[in-house]
Amino acid sequence: MFVSEALSVNDRGHLVIGGCDCVKLAEEYGTPLYIMDEELIRKNCRAFRKGIEKYYDGNGLVLYASKAFSSLAACRIAEQEGLGLDVVSGGEVYTALKAGFPVDRIYFHGNNKSREELVMALDNSIGRIVVDSYEELFNLDGIAGSKNKCADVLFRIKPGIDAHTHDFIKTGQIDSKFGFALETGEAFDVIRRASKMDNINVVGLHCHIGSQIFDIEPFVEAVKVMLNFISELKEKLGLEIKELNLGGGFGIKYIPAHDPIEYEKYLEAVAETVKATAKEKNLYLPKILIEPGRSIVGPAGITLYAVGSVKDIPGIRKYITIDGGMTDNPRYILYEAVYDAVIANRADAPRTEKVTIAGKCCESGDLIAKDIDMPEIKAGDILAVLATGAYNYSMSSNYNRIPRPSVVLVKEGKSRLIVARESYDDLVRNDIIPEDI
Ligand SMILES: *Cc1c(COP(=O)(O)O)cnc(C)c1O
């Protein structure tokens, strides 16, 4: 009935997540409110882990791409489920460290890590650094040398694969700001140089072809390209690649028309391709890493809003305005992302009209869903936008000086705050009025 298996309806017709009545949660915590279903997050973690155990003898590690939803509680859950962590900034490293995440399971990505971030990674013995540019490699070699350390690195490679997704979330093609290109010889050249550096240990390769991908085929193609390259490195440099990180990007169901791949099937196809190609080319079987972000937390989250105004423009469009918008969910304004929604206080009402759900920010593009079929909505209704667990809280802003909502974790009828709502004081905390104005 709903796009997410975390949801159901109780006998009062209210939407239920994690055994909790959403109308009651809205009353208790206020709106807007992010809610995350703990069981579903854990189930998704386990599905990926099981795939690696079943099809690749457990010779791999699932890294939770924490940028999808970075918080202390999310890091803690990933740690408890035996996952590693993909981080992309000093702030995400800091969050992981504060959560007590084991450093050897942290992989540090990012296409422009600062000197401070590289120092932070080395000082805290972060497991792997994924090198994205020549400058970064030279910096890292120098910093590691000054600390008498050797950095274990992966190299981000552009495998030249078209991932059939939105242009802004495609990353594997040559025209991308991320990583080193294969076609131009750049990838080979950087690794050749790195292999001669005293303070760099070349452990593996990484690629990430994009996000919200629904086909298995581009992933399988990427595996073949990467193994060819591994073979070339072995032949020409005598270098053995021990880790192959294939990134994330598995699509989720935002609307009923979306049909995500089964993650186990993806892992089966990828594992078979790695094994077959490695055998054919007489290669060491690399440890496989994957980095799901969206697919772990996305379906587990919803956002509750209070409906304010309803504006029916005859013959044009009916706007429903909510008490949040692009500040807590910028995905429509960024790439016209699609969402499904439910009236939490009448979750089983039939969908009888087309409406556009708009936010309260001073931007006409501040929409959450355009022209979607909904039951008749009135001011005071509680609207639940579904599958908002990924790239909502983590992409939120204070535009229009709107405080970020709180995040609540639900399980078996219990709700616990994991991120507190920002206050107006939080908004002015870093403001300074200079004495001379
Ligand atoms: C964004 C990103 C991920 C996670 O992508 P999802 O679509 O959330 O699964 C994994 N690895 C890298 C390097 C990324 O940039």
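Predicted model: local features only at pLDDT ≥ 70, side-chain atom pairs only at ≥ 80, totals over all residues.
Phenylalanine 108 has isoleucine 129 of β8 as its bridge partner. Between β7 and β8 the chain passes through helix α5 (residues 115–123). This β-α-β crossover is right-handed.

Strand β8 also pairs with strand β9 (residues 151–158). These two strands run parallel as well, and 3 bridges join them. Here isoleucine 129 stands opposite valine 153 of β9. Helix α6 (residues 134–146) belongs with β8 and β9 to a β-α-β unit, which is right-handed.

The side chains of β8 (residues 128–131) were then examined. In a regular strand, side chains alternate between the two faces of the sheet. In β8, Arg128 and Val130 point one way. Ile129 and Val131 point the other way. All four residues, Arg128 included, are buried.

A separate site lies in a loop. Threonine 352 sits between β16 (341–343) and β17 (353–358). The relative accessibility of threonine 352 is 59%, so this residue counts as exposed; the cut-off for exposed is over 50%. Threonine 352 and aspartate 373 are 21 residues apart in sequence. In space, their C-alpha atoms are 6.7 Å apart. Leaving aside residues up to four places away in sequence, threonine 352 touches Met374, Pro375 and Glu376.

Key: Residues numbered from 1 in each chain as written. Heavy atoms only, no water. Buried < 20%, exposed > 50% of the residue type's maximum accessible area, 1.4 Å probe, protein only. Pairing = 2+ DSSP bridges. Right-handed = clockwise from strand over helix to strand, strands pointing away. Contact = heavy atoms within 4.5 Å.
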